[in-house]
Amino acid sequence: MDQGAAEVWLTRLPAGGVPLASIPLHDRRSGSCRRLEDRKGFRPDKAYTEQFVRNPYEVLGVEPTATAAEIQKAYRKLAKKLHPDLNPGDKSAEEKFKEVSGAYDLLGDADKRKRFDGGEIDESGAERPQHQYYRDFASSGRGHSYSDSSGYADFMGEDDAFAELLRRSQEARANRRGQDVHYTLPVAFMDSITGAETRLTLPDGGVLDVNIPPGLVDGQILRLKGKGAPGAGKGGPGDALIEVEVIPDPRFSRKGDDLLIELPVSLSEAVLGGKIRVPTPTGAVTMSVPKGSNTGTTLRLKGKGAPHKGGGHGDEYVKLKIVLPRIPDPDLEAFVQGWDKGKSFDPREDVRS
Amino acid sequence: MIMTREQFIATSGVRVQTLEFWIEQEWLIPDQTPTGPTFTEVEVARARLIQDLTSNLGVNEEGVDIILHLMDQIHGLRRALLEVHDSM
């Protein structure tokens, strides 16, 4: 084949930025030049976006009169040299191989070749879809279960620096621990205090049973040993790292291991005292409101908070808030009208400026 | 992506008997799980290479065996070289 021509891979614009549509193309069989616009099926919008594709006869280095056997032979000769997997270190091999394969897709098929010679389809009609070659995996490390160290095994016995480097890198590779895998797990506020068992559904469809320890805080990371990606050799699998996102509960706030809840009480409960039900992480409990309680009066439920690290629990603090009946009550109004002590009490004596 | 045997056949277009032969020859080494072998994109790319070799490049079975063996050695060497390079 013509070596000079083979070195020119015409996928770029010629110098000077001449629009593609004005570049005369080589005529397929006669070798004379034709303008792109004059060709059958010319679409100016496509001509600007498509890559400039070489004549397939030229690509394979055969005469337009070549027989099918000659074309196959020419293709095999080039493909053996250019197949990307047979040239793992040559980045340009893929582009060249694509061009050669595209040309062979056209000329290797008698029917397509006839249609091409007749002008029914053009050079670009045979573009191969992009795909990943094996070398892309082998060099990134994912294909490493196939890679073989016998290519340098004879160096391994030597007692020199190079052999030592090889040995270390080989050992590290053979027993590499699997990677840690990160997940995020939303947890209800109550579950974060009391602990819970949940099942995490993984993106690949697998499931992971997660034991949420009591007293968890937002952003805490749980490590599940050995639940990450598998390792190689004696490396063992990596861990699953689960970041916990605590979904707030509008009723509660947390301060250290203590919980705070603001609880509405009626006027009569506050004035006369009484028993009320209070929500806690372990279920509602009954609490006594002392006679004469006020808005802001804070009561303590011992041991109803989050667990302390060293044992024991925090407390739940219940802050009372007096709420008057929603519908104004004439009796209450009448009572307060005649209640002189109530009028003489100044709740703002401390905040007056 | 992890594929079952059926998904791999659908993706790669390799025929069932051909696939069994390739696995027997250890040209492909799928992971063995309790539910059967599983395949990844690595096997798809490797299958494509074997198809290129046998159909387009006219290589026979013995040739594929030799090529894959040499190729796996080259990748082993390339990796070792890369790691030596990185550690220096």
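This is a predicted model: local features need pLDDT of at least 70, side-chain atom pairs count only at pLDDT 80 or more; totals for chains, interfaces and linings use all residues.
I began with two helices of chain B, α1 (residues 5-12) and α2 (residues 16-24), whose axes come within 11 Å and cross at roughly 110 degrees. Axes here are lines fitted to C-alpha atoms, for helices over the stretch in contact, and angles run from 0 to 180 degrees between N-to-C directions. Helices (H or I, at least four residues) and strands (E, at least two) are DSSP runs, numbered from the N terminus. I noted that α1(B) and α2(B) are therefore roughly perpendicular to each other; angles under 35 degrees count as roughly parallel, over 145 as roughly antiparallel, 65 to 115 as roughly perpendicular and the rest as oblique.

Residues are numbered from 1 along each chain as its sequence is written, chains are lettered from A and ligands numbered from 1 in the order in which they are written, and side-chain values use heavy atoms, with hydrogens and water left out.

I then looked up which residues meet: Arg5(B), Phe8(B) and Ile9(B) of α1(B) are in contact (heavy atoms within 4.5 Å) with Val16(B), Leu19(B) and Glu20(B) of α2(B).

Next I turned to chain A. The axes of α5 (residues 93-107) and α6 (residues 110-117) of chain A come within 6 Å and cross at roughly 95 degrees. I wrote down that α5(A) and α6(A) are therefore roughly perpendicular to each other. Asp105(A), Leu106(A) and Leu107(A) of α5(A) touch Lys112(A), Arg113(A) and Phe116(A) of α6(A).

I looked for salt bridges (a side-chain nitrogen of Lys or Arg within 4 Å of a carboxyl oxygen of Asp or Glu). The count over all chains is eleven. In one that I checked, Arg135(A) pairs with Glu94(A), the closest N and O atoms being 3.4 Å apart. Arg135(A) lies in α7(A) and Glu94(A) in α5(A), so the pair ties together parts that are 41 residues apart in sequence.

Last, I checked the interface. I found 33 residues of chain A in contact with 33 residues of chain B. The area buried between the two chains (the accessible area, 1.4 Å probe, that two parts lose on being put together, summed over both) is about 3000 Å². Carbon and sulfur atoms give 63% of this area. Tyr134(A), Tyr146(A) and Asp148(A) supply 22% of what chain A buries against chain B, more than any other three residues. Between chain A and chain B I counted zero salt bridges.
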